[in-house]
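Morning, everyone. Please bring the sequence and the structure up on your screens, and I'll walk you through them.

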Amino acid sequence: MLTRAIPSSAELLPIVGLGTYRGFDVEPSSPAYKQLPAVLRALFEKGGKVIDSSPMYGRAEQSTGELLSIHEPRSPAFLATKVWTRGREEGIAQMEQSFKLLQTDRIDLMQIHNLLDWKTHLPTLRKWKEEGRIRYIGITHYTASAYEEVEAVLKSEPLDFLQINYALDDRGVEKRILPLCRERGVAVICNRPFGGGDLLARLKDKPLPRWAADVRVNSWAQLALKFLLTHSAVTCVIPGTGNPRYMAENAGAGFGPMLTGAQREQLIDVVG
Ligand SMILES: NC(=O)c1ccc[n+]([C@@H]2O[C@H](COP(=O)([O-])OP(=O)(O)OC[C@H]3O[C@@H](n4cnc5c(N)ncnc54)[C@H](OP(=O)(O)O)[C@@H]3O)[C@@H](O)[C@H]2O)c1
């Protein structure tokens, strides 16, 4: 899989990862859970490693930790999770719990989920980064109404990562947020790359462009991801799934040529 450098460290990150919202929030007794080892295998076999979770996603951190320790103990996973609460002590307790649930003593990326109480949590994140408990720090959001605040934080605080909504039919970040990340040396993770699934539902009956095979793409899911990855400010995309077939398909977007400007424009026309 292709990689991109995290600007603050030059460490190379594979460009397609996995989101665990919904897909990994399942009970061990369920049929859905039994599919999850194959999801992780599909990610790793294709050379991916970024796995994104949050205490907001029900059982997702716990499922991730269990599965990595049982099925993939020597996995290359780059673990990203979040703090999503108010208060310094509450934030510390929640992050300590994430270490336990993920069954790890090092989390690669700790993000402040939806900027919730970010001024309180940031000093803890900076201290833990210094101590080596976490390797990178970031903020996340998922909606255009937050872009003003996201921009202000990006301008005022040194950060390693921004995780933000970006999809073929949801391109608001292109205007100011992505250029700002490039200027500030902040890595960008795209969440909701399929608009939670709605984008693919809209595209599913449309024919793929004739040039799809030229860019080594054979589905709308791969094209939608490649559209985002073609933007030079984007470091990684994290489509959410609990389905091994989808994971393998999505990881396939991390190979081959990116799109030309004209191909990008054509895709924008398709979604109107
Ligand atoms: N504020 C935040 O920090 C924030 C907000 C939102 C999301 N996130 C992160 O971003 C990740 C991605 O966002 P998301 O999961 O909300 O939405 P998404 O990735 O845009 O869409 C997920 C949906 O797409 C479906 N899907 C995935 N791959 C597919 C494929 N190849 N073909 C057809 N359908 C496919 C999934 O189906 P199945 O479920 O059947 O697999 C699921 O219903 C999350 O999992 C989470 O880690 C963070």
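**A walk through the model**

Let's start with T241. Leaving aside residues up to four places away in sequence, T241 touches L18, G19, G23, F24, V39, Y246, M247 and N250. Keep in mind that this is a predicted model. Where does T241 sit? It is in the loop between strand 10, residues 236–237, and helix 9. Is T241 buried or exposed? Its relative accessible area is 6%, so T241 is buried. Its side chain also has a polar partner. A polar atom there lies 3.0 Å from the backbone nitrogen of N243.

Next, the pockets. The largest pocket has a volume of about 850 Å³. Its lining is made up of 36 residues. Which of them lie nearest its centre? They are R192, G196, G197, P239 and G240. Helix 9 supplies the largest share, three residues.

G196 belongs to the loop between strand 9, residues 187–191, and helix 7. Its relative accessibility is 65%, so G196 counts as exposed. Now find V26. G196 and V26 are 170 residues apart along the chain. Their C-alpha atoms are separated by 17 Å.

On to the second largest pocket. Its volume is about 300 Å³. This one is lined by 19 residues. Nearest its centre are S75, A77, L79, T104 and D108. Which elements each supply at least two lining residues here? Helix 2 and strand 5 do. The largest share is three residues, and helix 2 provides it. By type, the lining of the second largest pocket holds seven nonpolar, five polar and seven charged residues.

That brings us to helix 2 itself. Helix 2 runs over residues 60–71, twelve in total. From first C-alpha to last it reaches 16 Å, close to the 16 Å expected at 1.5 Å a residue. Which of its residues are buried? In helix 2 they are A60, E61, S63, T64, G65, E66, L67 and L68. What do they pack against? Look for helix 1 (31–45), strand 4 (50–52), strand 5 (78–83) and helix 3 (88–102).

Now compare helix 4. Helix 4 has 14 residues. It reaches 20 Å from its first C-alpha to its last, close to the 20 Å expected at 1.5 Å a residue. Its buried residues are W118, H121, L122, T124, L125 and W128. Among the elements covering them are strand 5, helix 3 and strand 6. Strand 7 (134–140) and helix 5 (147–156) also belong to that cover. After helix 4 comes G132, with a positive phi near 85°.

Let's follow the backbone theme. Most residues other than glycine have a negative phi. Two residues here are worth a look on that count. R22 is not a glycine, yet its phi is positive, about 70°. R22 is in the loop between strand 3, residues 18–19, and helix 1. Is R22 buried or exposed? R22 has a relative accessible area of 59%, so it is exposed. The other residue is N114. N114 is not a glycine either, and it has a positive phi of about 55°. Find N114 in the loop between strand 6 (107–112) and helix 4 (118–131).

Last stop, E11. E11 lies in the loop between strand 1, residues 3–5, and strand 2, residues 12–14. Why is E11 called buried? Because its relative accessible area is 18%, and the cut-off for buried is under 20%. What does the side chain of E11 meet in a polar contact? The side chain of R135, at 2.4 Å. Again not counting residues up to four places away in sequence, E11 touches R4, A5, I6, F78, R135 and Y136.

So, to recap the stops. T241 and E11 are buried loop residues. The largest pocket takes its largest share of lining from helix 9, and the second largest pocket takes its own from helix 2. R22 and N114 have positive phi without being glycines. That's the tour. Over to you.

Notes:
Residues numbered from 1 in each chain as written. Predicted model: local features only at pLDDT ≥ 70, side-chain atom pairs only at ≥ 80, totals over all residues. Heavy atoms only, no water. Helix = DSSP H or I, 4+ residues; strand = E, 2+ residues; numbered from the N terminus. Expected span 1.5 Å × (residues − 1). Buried < 20%, exposed > 50% of the residue type's maximum accessible area, 1.4 Å probe, protein only. Contact = heavy atoms within 4.5 Å. 1 Å grid on protein atoms, 1.4 Å probe; cavity = no way out; pocket = protein on both sides within 12 Å on 5 of 7 lines; lining within 4 Å. Points joined across faces, edges and corners; volume = space filled by probe spheres on them. Nonpolar A, V, L, I, M, F, W, Y, C, P; charged D, E, K, R; others polar. Polar contact = N/O pair within 3.5 Å; in protein donor to acceptor, adjacent residues only side chain to side chain.
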